[in-house]
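Trainee: I'd like to learn how to read side-chain features from a model. Could you walk me through it?

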Amino acid sequence: MVNGILDELKLKYKSGNIATKLIYINIIFFFTILIVGFVLKKIFPSFQIDNIIALSSQPNALIKHPWSIFTYAFLHGELWHLFLNMLLLYYISSMFLRYFRDQDFLTFYILGILGGALFYCLFAGYFSSGSSYLVGSSAAIYATFFGLVSYNPKIPVRLLFFPNSFPILYIAFFLLGLDVYQIIDGRNSGGSLSHFGGAAVGYLYMKQFEKGNDFIGRTIRQVQNFFNRKKKTTFKTYSNQTKKNPYEQKVPRDDYEFNSQKVAKQQKIDAILDKISRSGYESLTKEEKDFLFREGR
């Protein structure tokens, strides 16, 4: 039973979009650090694993732990903090991916991590005395959200308990106002500063992105290709079969067709996952298995 649950979780990870993968990574990272930190605390009582993963406001600590400028975004202070950020990640990604690709979401997410870290390191010392630490993925999520606001501030959104929809720009104003209040009040000023960093880079980068200047995205894809390189075959195979694969899709001609194909593809994935939950993986046809394999690569 446990193996079946693990196999299903692995399958959902492989077939899920980039937001699903990031949610998995954040959850696994949270509990891994929790367990490792507990064990190390028993062995070395004075050791705090969070201090080498979280981003410190002190320059000396940043020099000692330069990786923390990135790892802080995958560390959350408590389970409730993790839950709220993953909930925001889920809903904001569902809006973002209506208009853009998975790799675009990843670009803005990573850019938000770096932008949030930059603002925190530059300005945290002005609003807090002594050392403080930054954790959480909210700056990355802000970058994706404000990138979407920059792209179209009039996107209609509907919230629970609100009878009518309203432009996404209104939520952006509310979030920025809340962060200003938290900075003035002194509550989570460091986190709010990182929010401003994520929002700023997300909003400004979208202006370049729309012009085709996706220099950050190209760099990220080059790094991905470096680690995901596969051996190229030196031969070609040909088939005389004329039977068309029902899961094969043609290259989209425009953004509208691209979005339509993406929605249809996700519906196929959901239907196959439902079939697995009802009858098991072995009940799938060869075409369905091949489709999941291609989408999970």
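Mentor: Let's go through rings, charges, a surface patch and some record annotations in turn. Keep in mind that this is a predicted model.

Trainee: Fine, rings to begin with. What describes a pair of aromatic rings?

Mentor: Two things: the distance of the centres and the angle of the planes. In this structure there are 22 aromatic pairs. Take Tyr 142 and Phe 146: their ring centres are 5.7 Å apart and their planes sit at 25 degrees, so the pair is stacked.

Trainee: Where do Tyr 142 and Phe 146 lie?

Mentor: Both are in helix H8, residues 138-151. They're four residues apart, about one turn of the helix.

Trainee: Are Tyr 142 and Phe 146 buried or exposed?

Mentor: Tyr 142 is buried, and Phe 146 is buried too.

Trainee: Which residues form an aromatic cluster?

Mentor: One cluster is made up of Phe 96, Tyr 99, Phe 100, Phe 105, Phe 108, Tyr 109, Tyr 151, Tyr 205, Phe 209 and Phe 215.

Trainee: What lies over the face of Tyr 13?

Mentor: That's Lys 21, at 5.4 Å from the ring centre.

Trainee: On to charges. What can side chains of opposite charge do?

Mentor: They can pair when their charged atoms come close. The cut-off used for a salt bridge is a nitrogen to oxygen distance within 4 Å, and the count here comes to three salt bridges.

Trainee: Which side chain meets Lys 12 in a salt bridge?

Mentor: Glu 8 does, with N to O at 3.6 Å. Lys 12 and Glu 8 both belong to helix H1 (residues 2-15), four residues apart, so again look about one turn along the helix.

Trainee: What about Arg 101 and Asp 104?

Mentor: Their side chains meet in a salt bridge at 3.1 Å, N to O. Arg 101 is partly exposed because its relative accessibility is 35%, whereas Asp 104 is buried, with a relative accessible area of 2%.

Trainee: Which residue forms a salt bridge with Asp 214?

Mentor: Arg 221, and the closest N and O atoms are 3.3 Å apart. Asp 214 counts as buried at 6%. Arg 221 has 19% relative accessibility, so it counts as buried too.

Trainee: Now the surface. Which residues form the nonpolar patch?

Mentor: Ile 27, Phe 31, Leu 34, Ile 35, Phe 38, Val 39, Ile 43, Phe 44, Phe 47 and Leu 79. Together they have about 950 Å² of accessible area. Helix H2 (residues 18-43) gives the largest share, seven residues.

Trainee: Where is Phe 44, then?

Mentor: Phe 44 is in the loop between H2 and helix H3 (50-53). Its relative accessibility is 47%, so it counts as partly exposed.

Trainee: Last one: where does UniProt place the feature "transmembrane region"?

Mentor: The unreviewed UniProt entry places it at residues 21-40, 69-93, 105-127, 133-152 and 159-184. Over residues 69-93 the chain is 72% helix and 0% strand, with the end C-alpha atoms 23 Å apart. Over residues 159-184 the chain is 65% helix and 8% strand, and there the end C-alpha atoms are 28 Å apart.

Conventions. Residues are numbered from 1 along each chain as its sequence is written. This is a predicted model: local features need pLDDT of at least 70, side-chain atom pairs count only at pLDDT 80 or more; totals for chains, interfaces and linings use all residues. Side-chain values use heavy atoms; hydrogens and water are left out. Rings of Phe, Tyr and Trp (its six-membered ring) pair if their centres lie within 6.5 Å; planes under 30 degrees apart count as stacked, over 60 as edge-to-face and the rest as tilted. Helices (H or I, at least four residues) and strands (E, at least two) are DSSP runs, numbered from the N terminus. Buried means under 20% relative accessible area, exposed over 50%, partly exposed in between (1.4 Å probe, protein chains only). A charge sits over a ring if NZ of Lys or CZ of Arg is within 6 Å of the ring centre and within 35 degrees of the ring normal. Patches are made of residues with over 30% relative accessible area and no salt bridge: like charges are joined within 9 Å, nonpolar side chains (Val, Leu, Ile, Met, Phe, Trp, Tyr) within 5 Å. Accessible areas come from the Shrake-Rupley method with a 1.4 Å probe; for residues, only the protein chains shown count as cover. UniProt positions are given in the numbering used here, feature names are shortened, and annotations may be inferred rather than shown by experiment.
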